[in-house]
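Grab a pencil and have a go at these exercises. Each one comes with a solution to check yourself against.

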Amino acid sequence: MEFSIKQSSPDNQRSACLVLGVFEGGQLSPAAHILDQVVNHQLSDLIARGDMTGKAGSTVMLHTLSGVAAERVLLVGMGKPEELNAKQFIDVLRATFAALQKTNCKDAALYLTDLDVQDRDESWKINQIALLAAESAYRCDGLKSKPADKPSLRKILLGCAKKPGNTAQTTLHQASAIAHGMKLAKDLGNLPGNICTPTYLAEQAEKLAEAHKLKVTILEEKDMEKLGMHSLLAVTRGSRQPAKLITLEYRGADKKQKPVVLVGKGLTFDSGGISLKPGAEMDEMKYDMCGAASVLGTMLAIAEMSLKLNVVAVIPSSENMPDGAACRPGDIVKSMAGLTIEILNTDAEGRLILCDALTYAARFEPDTVVDIATLTGACVIALGGVASGLFSNQDQLARELADAGDYSNDKAWHMPLWDEYQQQLDSNFADMQNIGGRPAGSITAACFLSRFTKDYRWAHLDIAGTAWKSGKEKGSTGRPVPLLTQYLINRAQSAT
Ligand code: BES
Ligand code: MN
Ligand code: ZN
């Protein structure tokens, strides 16, 4: 999808389709008002007849109005003006792009950025329009023998009453980069486990490095052996696929600036191992690498926007499979940090690969480390598909991430990491066990990770509920690429 923004008047803007807002109660948006005068009040007549009530998300398509340069006009209901908040604006955009995708329009000119949205600025509107346009065009049918026709909508113009400033252009460019990052994350997430293996992920990282001049390093199992990553290695033992530890380095700022390190869980398939998962919906465990996918997507986004920040990606990737070599419940392993772990449930494998990756992350002398993981079913129960679980050993960092999530409509909710929960991980035989029982399952998982992150500022995002959708709409969401990228953009801004 291509995006542009410019000052333009709706009546003489050439386009396959103009998109204009109408409020509940019949009030026209400024752009709709201009057009209404050009077409002899045909828009207000239509509203008076009751065919467009302005209800949020309703749409009416009009064809070939005389005196209008565009081929079509799509009126979209914005709801009540005093109720136009972020959620309502987003709902309206979803309905708009759904309507446009049903047509054969190759381009569209939207006049929506001039509308006032509660607590949101112009950049936010631009960003959301671009992301939702790209989302509406997303298809994942590369593995069907007859892929459906490609969506026709290719170009979006944002028309505004005033000349847009430089920040508007930058925002649009950044939004387009975020959209590309989300697409990469979705594509990788949706690939099945027989194609998207740890080796495949490593190859994708190499491609990304090649295209965007990043430094890439792939550690093999023998390298991990030397580093003492026996916790990670315990997870991969039951699999025929070799594990990989992928690192990508993006240097957009001064060498001396300490990097933000993003650590993404890359379980390309999680069967549970010897603690085998039940059969229902086990296919969805191909999505257990969505943390890794979101880190790769974020690296692509920041590289495309040449962000002035140093960022390192660390991706531990393996499968979790049961075979004769697989680790057993009760096995005790020594992590790279030297702490011993009693593996009581082989299905709590994410924390086992992450703890070694988090220890490894210290080599980059990070300013901040954020890990992203489809870590616990308990997080899905707690927060559903709306918010990711957010944990941190520093409240300020949690606030920055939560704010970035609010702004980018990729919400995360700050959960507690109090010491009182730590005792659930006590083991009779090792320094800790890898499960803490059913109560507070997402918190005890975070507590486990916190034991390996004491030396730096750290946050953990549990994206088990937000990374993909189940059921009829099954598919990867590309989250939390928007949250992570926005956080990094904010960081780069405050650094300068
Ligand atoms: N990848 C799963 C978490 C998961 C489960 C995400 C369902 C999304 C939907 C993780 O490896 C796992 O299996 N966690 C266990 C931990 C338990 C054994 C302590 C879980 O949540 O059931
Ligand atoms: Mn598991
Ligand atoms: Zn898992």
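**Exercise 1.** What spacing do the donors of the zinc ion (ligand 3) follow along the chain?

Keep in mind that you're working with a predicted model. Start by listing the donors: Lys-265 (NZ), Asp-270 (OD), Asp-288 (OD) and Glu-349 (OE) coordinate the zinc ion (ligand 3), at 2.0 to 2.4 Å. Written as a pattern, their spacing is K-x4-D-x17-D-x60-E.

**Exercise 2.** Work out the geometry of the zinc site.

Take the six donor atoms of the zinc ion (ligand 3) and look at the angles among them: they run from 78 to 176°. Six donors count as octahedral if opposite ones are over 155 degrees apart and all others between 65 and 115.

**Exercise 3.** Which residue bridges the zinc ion (ligand 3) and the manganese ion (ligand 2)?

That's Asp-270, and the two ions lie 3.2 Å apart. Now place Asp-270 in strand 10 (residues 266-270), and Glu-349 in the loop between strand 13 (340-343) and helix 10 (350-361); the pair is 79 residues apart and links distant parts of the chain. Last step, burial, where the cut-off is under 20% relative accessible area. Asp-270 has 3%, so it counts as buried, and Glu-349, with 1%, is buried too.

**Exercise 4.** Find your way around the largest nonpolar core.

This core has 63 residues, and Leu-262 and Met-299 are among those with the most contacts inside it. Helix 9 (residues 290-304) gives the most to it, with 10 residues. Zoom in on Leu-262: its contacts include Val-295, Ile-372 and Leu-488.

Notes. Residues are numbered from 1 along each chain as its sequence is written. Chains are lettered from A and ligands numbered from 1 in the order in which they are written. This is a predicted model: local features need pLDDT of at least 70, side-chain atom pairs count only at pLDDT 80 or more; totals for chains, interfaces and linings use all residues. Side-chain values use heavy atoms; hydrogens and water are left out. Donors are N, O and S atoms within 2.8 Å of the metal (3.2 Å for Na, K and Ca); water is not among the atoms, so sites may look incomplete. Four donors count as tetrahedral if all angles lie between 85 and 135 degrees; four count as square planar and six as octahedral if opposite donors are over 155 degrees apart and all others between 65 and 115; anything else is irregular. Helices (H or I, at least four residues) and strands (E, at least two) are DSSP runs, numbered from the N terminus. Buried means under 20% relative accessible area, exposed over 50%, partly exposed in between (1.4 Å probe, protein chains only). A nonpolar core is a set of buried Ala, Val, Leu, Ile, Met, Phe, Trp, Tyr and Cys residues joined through side-chain atoms within 4.5 Å. Contact means heavy atoms within 4.5 Å. Lists of a residue's contacts leave out its neighbours within four places in sequence.
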